[in-house]
Amino acid sequence: MAEPLRKGEQFFRGIPVSSGVCRGKLLVLHRPRPTIDQRRLSEPELNEEVNRLEKSLVQTRHQILDVQRRVSEKMGANEGSIFDAHLLVLEDRTLLDEVVRVIREEKVNAEYAFHSVAERYAATLAAIEDDYLRERATDMRDVTTRVLNNLMGREEEVDLRHLKEPCIIVSHDLTPSNTAQLDKRHVLGFATDVGSKTSHTAIMARSLRIPAIVGLKDVSSRLQSGQFALLDGFNGVIIAEPSDQTLFEYGQIERKQVTFEEKLREVLSKPATTLDGHRVVLSANIESPQDASAVKANGAEGVGLFRTEYLFINRGALPGEEQQYQAYREAASALKPMPVVIRTLDLGGDKFLAHMPIPQELNPFLGWRAIRFCLQERDIFREQLRAILRASAEGNIKMMYPMISGLDELNQANALVEEYKAELRHENVPFDEELEIGAMIETPSAVIVAESLAKRLKFFSIGTNDLIQYSLAVDRMNEKIAHLYEPTHPAIVRLLKATVDAAHQHKIWVSVCGEMASDPVLVPLLLGLGVDELSVAPPLVPPIKFIIRQLKLADAKELSDFALNCESAADILARCQDFGRQVAPSLFETK
Ligand code: PEP
Ligand code: MG
């Protein structure tokens, strides 16, 4: 959209990080680099200077805790936790000792010492080709500005709290502290020179639902305050002085967007029921107990997949039984009485622990991963199973094993569960005696022996991400063969059908929690094949619910009958696309 530049327009393309279209006056923030004077101090003044530094660090800490509290209240605990990284900067002994050393050895003022040391750290981090480390540089600069302001008794230079009229903010960068001040009533959108999809500012924009673009290179020096502009957060485009024609075209998009979002809001509290009265269970996939609020906010009916590996990754040591118990219990209690399906550890493949080196393998996806790893690393598995069993006392937990490839693995895992249940009984620790156990169906062998598995389980959850890669022998991470990764391959359609049939024959339910469930084009096919539950990322619950409510199961069955008799992946996909566009055209128009 709007790619052809029209007369008088200034057009910039960056990275879209938060969707939506807005239009309005620009407010371009020019942040003059603070001039930091260097003052020479005499020997007797040095102790006082170090004291002054320490006082400003305490003051900064209070300010950050205050912003953190406000952000957590306004946007949620996850966004608030962004400021943990800022607090860590203030606790970084290497940095602070270096600042004190510079004050004492070079006999200079605290502002100068702090600025020069912190800027050296930040510049090193910013130069590394890694979004995560670059983000640490932004954190470092954000904290540095606060410390310097406090040392110099200055007000914040960028104060976005008192904007008089709605505007689109353009800036070289927006720190999380700046973003936390944004008032949704006055900030229509924002655009920055630097940043990435995973930057904290981007994350906050998404949760504020403010359209945003980052990575626009030099946009802040090419645009001026007061100019009128259009910001398209779907495509990452900002157009200053848009022509009438461009405004007209975007007007149509905005209208569709508004009506579509209203439609999505309407379905939030409604059930995922098809037009002909068939009830589908629509759940969400989560990675931490903090995601529970997003599950509720998006109108999901519980958790169909709690990926527990994220409690293990990104930390210095393994989480023990107690820590895991608290996390599982917290998720279950926040969502009660809705069910929470906890998947046991799925490490290996592309998920590794920084603190536990796993031997390099030629084929990690075919190697020591998931249930195979757990059945050998018994201590790790025991702690997790005991933690899940203890949390199951909440009453709404179910558990499933990943990557079961045959009956032996299931029997071994179930035997361990029985052993740990006996331990807990002996210790008088409560747990849910009726805890339902299921398995993920992710390998072709599991589909082939699905009847044997179904007899011993309460449910199946199909992990289509892996099932497709293993069945079609297409590495899900390899871009070169991505075109061969076809969810509508006739083999996949038939494997799905075989899994559903085996489950229903043994009167157990089947869910799909892989990405296939979150593609509105493929949802009618899954429902037609008889899948009972879909589980998708929380923000995708509303559009998936929308399409479910727009279709008739009878038509979806016709679609799946066609797919089961068809020999071509492309033909099945085309038919699914036609079906989607027919039943829910608005779902395919706004992007
Ligand atoms: C899957 O394989 O479809 C799945 C949901 O598991 P993961 O993506 O975590 O491997
Ligand atoms: Mg998987």
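Begin by selecting Phe312, Leu318, Pro319, Gln324, Ile380 and Glu383, which line the largest cavity of this predicted model. A cavity here is a set of points, on a 1 Å grid over the protein atoms alone, where a 1.4 Å probe fits but cannot get out, and lining residues have an atom within 4 Å of a point. Rolling a probe the size of a water molecule over the atoms shows where empty space is left. The largest cavity has a volume of about 30 Å³, where volume means the space filled by probe spheres set on the points, with points joined across faces, edges and corners. By class, its lining has four nonpolar residues, one polar and one charged; Ala, Val, Leu, Ile, Met, Phe, Trp, Tyr, Cys and Pro count as nonpolar, Asp, Glu, Lys and Arg as charged, and the others, Gly among them, as polar.

A word on conventions: residues are numbered from 1 along each chain as its sequence is written, while chains are lettered from A and ligands numbered from 1 in the order in which they are written. Because the model is predicted, local features need pLDDT of at least 70 and side-chain atom pairs count only at pLDDT 80 or more, whereas totals for chains, interfaces and linings use all residues, and side-chain values use heavy atoms, with hydrogens and water left out.

Next, select ligand 1: which residues come nearest to this ligand? Of the 15 residues around ligand 1 (those with a heavy atom within 4 Å), the nearest are Arg307, Arg343, Glu442, Asn465 and Arg476. Show the polar contacts, which are pairs of N or O atoms within 3.5 Å. A polar side-chain atom of Arg307 is 2.8 Å from an oxygen atom of ligand 1, and an N or O atom in the side chain of Arg343 is 2.9 Å from an oxygen atom of the ligand. From Gly463 it is a polar backbone atom that lies 3.4 Å from an oxygen atom of ligand 1.

Now colour strand S10 (303-307) and helix H19 (464-472), each of which supplies at least two residues of the shell around ligand 1; helices (H or I, at least four residues) and strands (E, at least two) are DSSP runs, numbered from the N terminus. H19 gives the most to this shell, with three residues, and the shell as a whole divides into three nonpolar, four polar and eight charged residues.

Finally, select Lys336 and Pro337, which are joined by a cis peptide bond with omega about 0°. Pro337 is found in the loop between helix H13 (321-335) and strand S11 (340-343).

Note on methods:
Polar contact = N/O pair within 3.5 Å; in protein donor to acceptor, adjacent residues only side chain to side chain. 1 Å grid on protein atoms, 1.4 Å probe; cavity = no way out; pocket = protein on both sides within 12 Å on 5 of 7 lines; lining within 4 Å.
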